[in-house]
Each structure stands twice: as C-alpha cells, then as structure tokens.
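I opened the model to look up its helices and its surface. My notes follow.

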Amino acid sequence: VELTVRHDPSGLMSHWLFEHAHKGTVLELETVFGDMTADTLSDQPVLLLAGGSGITPLMSVLRAQAQSGMPQRVDLAYWETTEANFCFADELQQLAERFGNFRLHLIATHQDVGRRISATRLASLGIDVEGAQVLACGSSGFVDQARQCTAHAAASFTSEAFTPRPIATPTSAETHFTVELTTSKRRIEVSNQQSLLTALEQQGIAVQSGCRMGICNTCSCKKIAGVTQNTDTNIVDANTNTNVRLCVSQATSDLQLAL
C-alpha cells in the first residue's frame, strides 16, 4: 500500500503523518472505495485529467494500464501551480518514453488563467476528446470544468473530487418534512435546504459517514418510501426500497429510512 500525502500545516491528517508517523507506525485503513478504476475501461481511448493531488487515483489507473502494455491511447493532462509541485514526475516521464501511445502533458499554471483547464486548452495540447473515456480528479471546481469542456464529445465521464461542491443557493422556499427512522423507531423533521446527513446529525442521530460528498457510500442507507433529490445531479428519486447517499440527498417529501 502506498500513500501519497502533501503536507498541509493546517491539516489534521497530513500534519500528523509528517510530524509523528515513523517506521513501525501502525495505521488502520478502511475498505477502499470509488468507481474510478482501470477495470471499468473499455478499448476506447482514455483521457486522464488531474488537478493537483488529483493525480493520485489517476496514477493507479495509469500504472494498471502500463502493466497491461498500454493497450489503447492514453493522454494525461496534469495541472499544478508550479513545476516543483508535480508528483510522480520522473515516473510519468519514464512511462511516456516507454509507451508510444501514452502522451504526457504537464501544465504549470503560475496563476496564468489562460493555462487552466478549458476546451481551448485541451485543443491546444492536441488532445482529441472525441469518443474518449474521461477520468477526472481534482477540486470540485476543476472537476466541474473538466465535465463542461469534454461533455460535447466524450464517450463517458467519471470523476472524483477531493473538495465538496459549494452549497448551492436554495431555489425553493424552505419546507419541512417528517422522516420516520424504522430501525430506531424515531420521527424527526428535516428541512429541504439541508442534506439528510446534516439534518440527522443536527438532531443527535449518529450516522456513519466518510467522504461527505457522495463518493464512498459509507452513509448510504435504504429509503423505504418517499422522494429525495440528489444535490449533485438534481435527479429526483421517487423509487421505494432503494439506497440513498445521505450526504448528497435532500428530502422532497416525507420519508421512511432504514435507520
């Protein structure tokens, strides 16, 4: 197991690892999660878009492709603020020299807006989005921009973001709904302006959670009845006996949850 950690002096985890972790330290890891894996790829061209430390999961995908002989064309466009911040730079250069159908694009922005991700920037790099399987990872803003500038031509788009999306301004009046928790036999009221996870926690209900942005499924639970809306996609789910991710779901009716 390899951990890639960038030290943030104000960060709890990275600061502890840099200041206190040493050879022999025992760490407990949860089960891996995420949908962005090499075994989901078809034989279509692959476009990897990385913003900052978003290179980490894409590096795993790229290594898996390399172990398979790089069977299809792969482009990696990797944005960082400065050249010194690029992770895996030597390994990436070696892969580019080893495989003719792997093209590496390292972009240091230096606060230059014109070098940031956009359809124009991708075209200037000679990247053909048409029919590509796009995998993107970075901040929520980077991922949203990656989705917008590839949606017109990409065959598929899979992403992970390491920062939550900004909370959207409510577009409807606040309404409260009753949520029946069938396991704990409780009834509570929740607002349609909050995620179900936040609303439950504010009323003292402990819910196991992880990423809090709809990736890990740790907070997923069965919705027995009622209607919810996904705060990321705005998709309304009126189905019964389906799993909902509480961190990215809001109530749009009274609900029954298996909690």
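**Helix H2**

I started with H2, residues 55-67: its 13 residues reach 18 Å from first C-alpha to last, close to the 18 Å expected at 1.5 Å a residue. Helices here are DSSP runs of H or I, at least four residues, and strands are runs of E, at least two, numbered from the N terminus. The expected span is 1.5 Å times one less than the number of residues.

This is a predicted model, so local features need pLDDT of at least 70 and side-chain atom pairs pLDDT 80 or more, while totals for chains, interfaces and linings use all residues. Residues are numbered from 1 along each chain as its sequence is written, and side-chain values use heavy atoms, without hydrogens and water.

I then checked the cover, counting contact as heavy atoms within 4.5 Å. After H2 comes Gly69, with a positive phi near 85°.

**Helix H5**

In H5 (residues 140-150) I noted Ser140, Phe142, Val143, Ala146, Cys149 and Thr150 as buried. Their cover includes S1, S2, S4, helix H4 (119-124) and strand S5 (156-161).

**Trp16**

I placed Trp16 in helix H1, residues 12-20. Its relative accessibility is 34%, so Trp16 counts as partly exposed, a class running between 20% and 50%.

Methods
Buried means under 20% relative accessible area, exposed over 50%, partly exposed in between (1.4 Å probe, protein chains only).
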